[in-house]
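Here are some notes from going through the model, as promised. Have the structure open while you read; the points are grouped by region.

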Amino acid sequence: MGVVPFVFGSAKGIHSGLAKTRKSLFGRILGLLSGGEITEELWEDLEALLIQADVGMAATVEVVQGLREDTARRGLHQAQEVQALLHDRLAEMLDVPCKPYLDGERTLNVVLVVGVNGSGKTTSIAKLARYHRARGDQVILAAADTFRAAAIDQLRIWAERTGVDLVAHQPGADPGAVVYDGIRASRARGADVLIIDTAGRLHTEYNLMQELKKIAGVARKQVHQAPHETLLVLDATTGQNALSQARHFQKAVDVTGVILAKLDGTARGGMAIAVAGELGIPIRFVGTGETLDDLAEFDAREFAAGLFRRDGA
Ligand code: GDP
């Protein structure tokens with residue numbers, strides 16, 4: 001693995017990805033906390049705004065309860081004083097304890113990418129390939145979504161654009177065999193990272209989850225402790241629905257992180273707090289636009305700051 005920091009000249013970062021969220025719902029939260037006394041009504045309004053921002057019911061209740069206690073303990077009475085406390089609580093919630101992404105030294109890193117169709121999975125895989133390329137890693141993609149012919153074609157186009165190799169079989173082929181070949185090719189070509197695309201829909205959800213388990217099993221059999229990351233792509237614009245998707249995927253595979261795609265397309269970026277706080281899954285990356293460079297490494301403090309900071313975008 002290379003050690004070059006991830007900085008693309010034209011990349012849109014977390015701050016820019018949060019522009020809509022900051023301008024709308026979190027703007028209103030800041031407005032609410034800009035003056036006056038702390039009252040019961042203020043807590044209720046704050047709760048309502050956090051829920052509207054898709055922070056999720058459980059995480060919202062936890063945050064507001066914590067703030068009530070913080071302010072009481074410190075003897076605070078001014079709404080404005082809640083701003084910094086809220087920021088810190090959200091940052092803390094977003095910061096799920098976890099190992100760094102692809103931590104550890106190994107010759108081949110296997111990254112399994114899962115998520116429903118339309119979530120931004122293919123685009124996120126392409127961005128991830130570019131991310132690794134920029135760090136000097138040799139990357140191979142495996143097209144293990146053999147259910148949709150279009151998925152293989154789309155991945156091929158992205159592989160060409162990013163300048164990485166693709167291992168693909170015919171539509172309808174066994175996805176396990178694609179993974180097996182992907183690993184063989186990675187070893188033969190000395191690749192550092194194998195990124196595996198998986199189906200986002202099958203005839204039934206049961207079939208899909210069984211298939212994902214099987215793919216992970218094939219990887220584990222071939223490479224010690226693989227997959228080393230299982231990234232779930234969630235569409236930030238789908239809010240609470242994405243949370244229930246995440247729960248289903250968590251049952252089938254050991255999800256090690258989330259790519260929160262389309263953050264730039266929503267005013268409800270609070271969903272990240274629900275993902276981290278309620279599901280306990282670390283967010284690894286956020287998608288901040290449609291180009292290959294629009295992928296930002298997740299940082300809890302930067303994200304929390306991006307929800308509130310008034311400057312710029
Ligand atoms: P898949 O079906 O899950 O593989 O989804 P795709 O990767 O094909 O993406 C679906 C749509 O979402 C496409 O139009 C993408 O350009 C768009 N998309 C993906 N990621 C992002 C993102 O981070 N920001 C924005 N604005 N659009 C995105």
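1. A word on labels before anything else: helices are DSSP runs of H or I with at least four residues, strands are E runs of at least two, and both are numbered from the N terminus. Keep in mind, too, that this is a predicted model.

2. With those labels, have a look at Pro-227, which sits in the loop between α10 (205-222) and β5 (229-235). The peptide bond joining Ala-226 and Pro-227 is cis, with omega at about -10 degrees.

3. You'll find Asp-54 in the loop between α4 (40-52) and α5.

4. Now α5 itself, which covers residues 57-74. Arg-73 makes a salt bridge with Asp-70 there, and the closest N and O atoms are 3.3 Å apart. In general, side chains of opposite charge can pair when their charged atoms come close. Across the whole structure, the search turns up 15 salt bridges.

5. On to the sheet. It is open and built from eight strands with mixed pairing, and the order runs β3-β2-β4-β1-β5-β6-β7-β8. At the edges are β3 (165-167) and β8 (295-297), each of which pairs on one side only. Ignoring direction, neighbouring strands are turned by 25 degrees against each other on average.

6. If you want a pair to click on, Ile-140 has Asp-165 in β3 as its bridge partner.

7. Last, the surface charge. Which residues gather in the patch of negative charge? They are Glu-92, Asp-95, Asp-299 and Glu-302. Of these, Asp-95 lies in the loop between α6 (80-94) and β1 (109-114).

Technical notes. Residues numbered from 1 in each chain as written. Predicted model: local features only at pLDDT ≥ 70, side-chain atom pairs only at ≥ 80, totals over all residues. Heavy atoms only, no water. Patch = residues over 30% accessible without salt bridge, like charges linked within 9 Å, V, L, I, M, F, W, Y side chains within 5 Å. Areas by Shrake-Rupley, 256 points an atom, 1.4 Å probe, with all protein chains shown as cover. Salt bridge = Lys/Arg side-chain N within 4 Å of Asp/Glu carboxyl O. Lys, Arg positive; Asp, Glu negative; His and termini not counted. Charge placed at Lys NZ, Arg CZ, Asp CG, Glu CD. Pairing = 2+ DSSP bridges. Axes fitted to C-alpha atoms, helices over the stretch in contact; angles between N-to-C directions.
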